[in-house]
Amino acid sequence: MTRRLGVTLCLILSCVLGISAVGYTQVSKTVQLLPAQMEGGKPLMQALKERATTRAFSPEKLPDQLLSNLLWAAFGVNRSDGRRTAPSASNWQEVDIYVMAANGVFVYEAKAHSLTPVASEDLRALAGTQAFAKEAPVTLFFVADYARMGKATQEQKDFLAPADTGYISQNVYLFCASEGLATGVRASIDRPALVKALKLRPDQKIILAQSVGYPKK
Ligand SMILES: Cc1cc2nc3c(=O)[nH]c(=O)nc-3n(C[C@H](O)[C@H](O)[C@H](O)COP(=O)(O)O)c2cc1C
């Protein structure tokens, strides 16, 4: 009871102060995401019917609960053995999701369902080379860590990492269709600038970016 009261007070305080997972206040510590809600949403066939690429976003921020659900749907842990909502070759789970928002860039930690900050500035100017990308409240970057891909050859890594990314991107598409959100995957990104901004190692490869937000009215 006391713990529940504490959590409620934290939530109220967060709302009052504008502190949220990916909102406007700069965050320097790991952010625990709200537990993902796994019920609800549109039936799969309807989500498939509505899946589409959108290139016009409202700047409106995504609520924390929606962000939590989005990341879990994208590549969260869905089984007790640590396996995820998207498949990966040899279960390498080599794709990390970097979340770029107004208050910085974060890496999604699926096991803990949390966000680890990697930058505290608004870097959305780097969200994409097309103007609409900068307007989205959130852009996800799918980054494959080749160091996690076992004994695969370079050639195998180069086709398996994009294949694994495709499943995650489609999860995002279907989640967005289910929730009435706008989304669009993109290859057109400034990779050298992003490597620097996201502080990536040479064996971390940016595969694709995908912006998410409310549709522009
Ligand atoms: C691997 C990949 C890369 C893409 N890159 C871009 C991009 O850089 N910019 C863009 O506006 N759309 C990009 N798209 C979106 C496609 O243009 C879009 O999926 C296609 O026009 C079909 O539209 P739909 O997704 O609404 O069916 C990309 C899609 C894929 C699968």
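Here is a short walk through the structure above, from the whole chain to a few of its residues.

The model is predicted, so local features are described at pLDDT of at least 70 and side-chain atom pairs at pLDDT 80 or more, while totals for chains, interfaces and linings use all residues. Residues are numbered from 1 along each chain as its sequence is written.

Let us begin with confidence. The pLDDT is the predictor's confidence in each residue, from 0 to 100. For the protein chain the mean pLDDT is 90, with 88% of residues at 70 or more. Residues 1-19 have a pLDDT below 50, and beyond near neighbours in sequence this stretch has six contacts in the model. Two residues are in contact if their C-beta atoms, placed from the backbone, lie within 7 Å. Where pLDDT is low, the predicted coordinates should not be read in detail.

Now for the overall layout. The protein chain holds six helices and seven strands. Helices (H or I, at least four residues) and strands (E, at least two) are DSSP runs, numbered from the N terminus. Of the 217 residues in the protein chain, 38% count as buried. A residue is buried if 20 or more other C-beta atoms lie within 10 Å of its own, exposed if 12 or fewer, and partly exposed in between, with C-beta atoms placed from the backbone. Among contacts between residues at least 6 apart in sequence, 75% join residues at least 24 apart.

Asp64 is partly exposed because 19 other C-beta atoms lie within 10 Å. In sequence Asp64 is 31 residues from Leu33, yet their C-alpha atoms are 7.5 Å apart in space.

Leu71 counts as buried because it has 28 C-beta neighbours inside 10 Å. Leaving out residues up to four places away in sequence, Leu71 touches Leu33, Gly76, Ile97 and Tyr108. Between Leu71 and Ile168 there are 9.7 Å from C-alpha to C-alpha, although 97 residues separate them in sequence.

How does H3 sit against another helix? Two packed helices are described by the angle between their axes and the distance between the axes. The axes of H3 and helix H5 (residues 154-179) come within 7 Å and cross at roughly 140°. That angle makes H3 oblique to H5. Angles under 35 degrees count as roughly parallel, over 145 as roughly antiparallel, 65 to 115 as roughly perpendicular and the rest as oblique. Axes are lines fitted to C-alpha atoms, for helices over the stretch in contact, and angles run from 0 to 180 degrees between N-to-C directions. On the H3 side, Leu66, Leu70, Ala73, Ala74 and Phe75 meet Ile168, Asn171, Val172, Phe175 and Glu179 of H5.

Finally, two loop residues deserve a look. Ser90 sits in the loop between H3 and strand E2 (95-101). Ser90 is not a glycine, yet its phi is positive, at about 55°. With 14 other C-beta atoms within 10 Å, Ser90 is partly exposed. His113 belongs to the loop between strand E3 (104-109) and strand E4 (114-119). The phi of His113 is also positive, near 50°, in a residue other than glycine. His113 is partly exposed, with 17 other C-beta atoms within 10 Å.
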